[in-house]
Protein chains: 2
Amino acid sequence: MPIESDIKQNIPFKSPYQRLAVNLMYTANWLSDNQMRVLRPFCLTPQQYNVLRILRGQYPTPITVLAITERMVDKMSNASRLVDKLLAKELVKRSECPHDRRAVDVLITEVGLTLLTRIDELPELRGESLHNLTEAEANQVSALLDKLRGSEQIGNE
Amino acid sequence: MPIESDIKQNIPFKSPYQRLAVNLMYTANWLSDNQMRVLRPFCLTPQQYNVLRILRGQYPTPITVLAITERMVDKMSNASRLVDKLLAKELVKRSECPHDRRAVDVLITEVGLTLLTRIDELPELRGESLHNLTEAEANQVSALLDKLRGSEQIGNE
DNA sequence: TTTAAATAAATGTCGTTACATTAAATACAG
DNA sequence: CTGTATTTAATGTAACGACATTTATTTAAA
């Protein structure tokens with residue numbers, strides 16, 4: 001369904017760019033709603049899930065709260081409080097960073113890893129909700145989104 | 001800059017779909033941050049701006065709160081309270097709908113229309129932040145996003 | 001008509017977000 | 001070293017979001 005129908009818009013967009021801006025926001029909301037619905041039974045928000053995956057990416061190396069923030073999809077989130085939430089569920093461990101006592105090292109626990117494994121198997125989070133596109137189309141959109149944001153393309157895969 | 005660098009990801013995505021999912025969310029956040037920054041001087045949130053544009057689209061016909069909700073990019077917003085905010089700034093007027101006393105008609109004021117005109121001139125909101133893409137590419141991404149969401153394509157412009 | 005169901009908007013709530021501030025530790029200039 | 005600036009995380013806050021409930025009105029049924 002074209003974006004115009006989704007938002008019941010009866011006047012045309014002023015430009016392909018404006019249409020794309022609305023379409024992007026709308027599609028991201030759509031995707032995020034899907035994610036929320038799927039994660040709810042696990043008592044995880046999309047952002048908590050994001051933090052867990054970041055921690056798994058580094059496992060078994062712990063990383064600091066700051067490093068988590070830099071890697072998050074939503075940079076505005078308060079990683080400190082997200083870690084609090086995950087700590088309460090015993091999905092992560094927190095320990096003082098040996099080299100810098102300001103920093104706090106965070107490490108995903110076995111429980112956290114196991115939970116992630118279960119979630120990984122959900123088709124919705126393997127990107128299945130995007131399977132209306134072919135792999136080639138998915139790659140194409142990703143490349144165009146990169147181009148959209150990127151000031152300059154620096155030779156790169 | 002490819003999404004992997006933006007989120008400092010050092011392990012590859014499991015599939016083009018997963019990469020696209022992250023890329024979509026990341027790009028939408030990027031866009032929404034841009035919008036917020038631009039709208040802040042006008043004391044408008046992106047959603048309030050969205051409501052104002054919807055109202056302008058119908059002007060001079062008033063539309064109900066429910067109709068606003070259906071047209072919003074973020075369907076989860078509380079249109080009722082958004083209208084409250086806009087009312088406090090005298091950007092909209094609220095009046096009882098003549099045919100249905102449950103419903104409330106909302107109409108953008110002259111002040112609101114003038115404000116929108118000023119904002120329209122901002123390059124960032126004319127989609128300029130998306131000008132790294134050509135018009136053709138913007139159309140291409142829009143079409144693919146429609147395809148991504150849409151269960152079925154029903155013949156349509 | 002009287003009552004029950006459905007609908008539109010407003011409101012209550014609790015958790016989260018955005019953003020500023022604080023507290024603690026480190027870096028670094030003199 | 002000493003003091004100042006910077007960095008890292010945590011915390012305070014006001015507003016916002018998601019979601020349930022309430023109120024008022026309309027629709028439809030008995």
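Reply: Axes are lines fitted to C-alpha atoms, for helices over the stretch in contact, and angles between them run from 0 to 180 degrees between N-to-C directions. The model discussed here is predicted.

Me: At what angle do helix H3 and helix H6 of chain A pack?

Reply: Helix H3 of chain A covers residues 46–58, and helix H6 of chain A covers residues 110–120. Their axes lie 10 Å apart. The angle at which these two helices pack is about 110°.

Me: Are H3(A) and H6(A) roughly parallel or roughly perpendicular to each other?

Reply: Angles of 65 to 115 degrees count as roughly perpendicular. The angle between H3(A) and H6(A) is about 110°. H3(A) and H6(A) are therefore roughly perpendicular.

Me: How many residues of the contact of H3(A) with H6(A) are charged?

Reply: The contact of H3(A) with H6(A) contains three nonpolar residues and one polar residue. The number of charged residues in this contact is two.

Me: How far apart are the axes of helix H3 and helix H6 in chain B?

Reply: In chain B, helix H3 spans residues 46–58 and helix H6 spans residues 110–120. They pack at an angle of about 110°, which makes H3(B) roughly perpendicular to H6(B). The distance between their axes is 10 Å.

Key. Residues are numbered from 1 along each chain as its sequence is written. Chains are lettered from A and ligands numbered from 1 in the order in which they are written. This is a predicted model: local features need pLDDT of at least 70, side-chain atom pairs count only at pLDDT 80 or more; totals for chains, interfaces and linings use all residues. Helices (H or I, at least four residues) and strands (E, at least two) are DSSP runs, numbered from the N terminus. Angles under 35 degrees count as roughly parallel, over 145 as roughly antiparallel, 65 to 115 as roughly perpendicular and the rest as oblique. Ala, Val, Leu, Ile, Met, Phe, Trp, Tyr, Cys and Pro count as nonpolar, Asp, Glu, Lys and Arg as charged, and the others, Gly among them, as polar.
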